[in-house]
Amino acid sequence: MTTRFGFVAIVGRPNVGKSTLLNHILGFKLSITSRKPQTTRHRVLGIWTENECQIAFVDTPGMHTDQLKAMNRVMNQTAEQALSGVDAVVMLTDGKIWNELDQRVYEKVSRSGAPKYWVINKVDKLDNKNQLLPHIQNTVETHVFDEVFPVSALKNLNLEPLLGALKLQIPDGPFMYEEDQITDRSERFLTAEIVREQIMRQLGDEVPYETTVEIESFEHSGDRVGIHALISVERDGQKAILVGEGGTRLKQIGIEARKRLENFLDAHVALKLWVKVRASWSNDERALKSLGYFESD
């Protein structure tokens, strides 16, 4: 049997549904999601295998321009680097919106030289779906795409035709990963992301963006896993908000994270969370490197 393997980058501005798209393609919640922009900070590889074809989807942070911290620069670099050497690019936009940031993403995608597919996400939320066709027609007059796919990633609408088109771009070659492998990321990395997801979902607008999670210990013992996670924030006030009165907020974050971790790890999880202040970590390149925000590849 002749096999095929290739890489596909998923790019777009923040909060257009890149991680949701990847999760529904895989049929597995790999990338964390929330309603807040810039939830994804790292490159996350999701591996999809069907019969003779294997595609490594590269989920990327949303490309953005409104933040100037070192972490935001690293996130943009990560997203742009994902465009190098891929076999196809999926560019997501949100409904019938095409704004200045979408245009900047398009220009970067065009420079990659790879076949590019415009995926218009969240079409199920459009009040007037009759407006979608004029939006597509107006856009493709000045923007070149190999194909256009209106989809709802959340509701699995029109994802099969997208996958069919992508498979045609994948070259012959041996699989790079085992057929049952979902990602190249470790359990420790995914554990930290699951904890951070609950922080993003449960806290207000400011605190989650200046919060990061490190796994200090991860120990398997039979069907039990003991996890110690350290949550870093930048200011004392943020620590107080995160911990909550009498530790109630931190406890709730731990409860929800543990539920997801037990499902993910298929084991009983003992999760302990700590919070410390690490001033200006998100604007310190040395701190970012120690926290794994710079890609090794």
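The protein chain holds nine helices and nine strands, with helices (H or I, at least four residues) and strands (E, at least two) taken as DSSP runs and numbered from the N terminus. This is a predicted model, so local features need pLDDT of at least 70 and side-chain atom pairs count only at pLDDT 80 or more, while totals for chains, interfaces and linings use all residues. Residues are numbered from 1 along each chain as its sequence is written, and side-chain values use heavy atoms, leaving out hydrogens and water.

Of the 297 residues in the protein chain, 52% are buried (under 20% relative accessible area, with exposed over 50% and partly exposed in between; 1.4 Å probe, protein chains only). The protein chain exposes about 14,200 Å², and carbon and sulfur atoms supply 46% of that; the areas come from the Shrake-Rupley method with a 1.4 Å probe, and for residues only the protein chains shown count as cover. Taking contacts (heavy atoms within 4.5 Å) between residues at least 6 apart in sequence, 71% join residues at least 24 apart.

Helix 6 (residues 187-202) is mostly covered, with 13 of its 16 residues buried. From first C-alpha to last, helix 6 reaches 23 Å, close to the expected 22 Å; the expected span is 1.5 Å times one less than the number of residues. The charged end of Arg185 sits over the ring of Phe189, 4.1 Å from its centre (the rule asks for NZ of Lys or CZ of Arg within 6 Å of the ring centre and within 35 degrees of the ring normal).

Now for the aromatics. Rings of Phe, Tyr and Trp (its six-membered ring) pair if their centres lie within 6.5 Å; planes under 30 degrees apart count as stacked, over 60 as edge-to-face and the rest as tilted. The count comes to nine aromatic pairs. One of them, Phe28 with Phe264, is tilted, at 6.4 Å centre to centre and 50 degrees between the planes. Phe28 lies in the loop between helix 1 (18-26) and strand 2 (44-50) and Phe264 in helix 8 (residues 248-265), so this pair ties together parts 236 residues apart in sequence. Phe28 counts as partly exposed because its relative accessibility is 30%. Trp98 and Phe145 make an edge-to-face pair, 6.4 Å centre to centre with 75 degrees between the planes. Ring pairs link Trp98, Tyr106, Trp118 and Phe145 into a cluster.

Strand 7 (residues 212-221) and strand 8 (residues 224-233) pair in the antiparallel sense over nine bridges, where pairing needs at least two DSSP bridges. The two strands form a hairpin with two residues between them, and Gly222 in the turn has a positive phi of about 65 degrees. Ser221 stands opposite Arg224 in strand 8.
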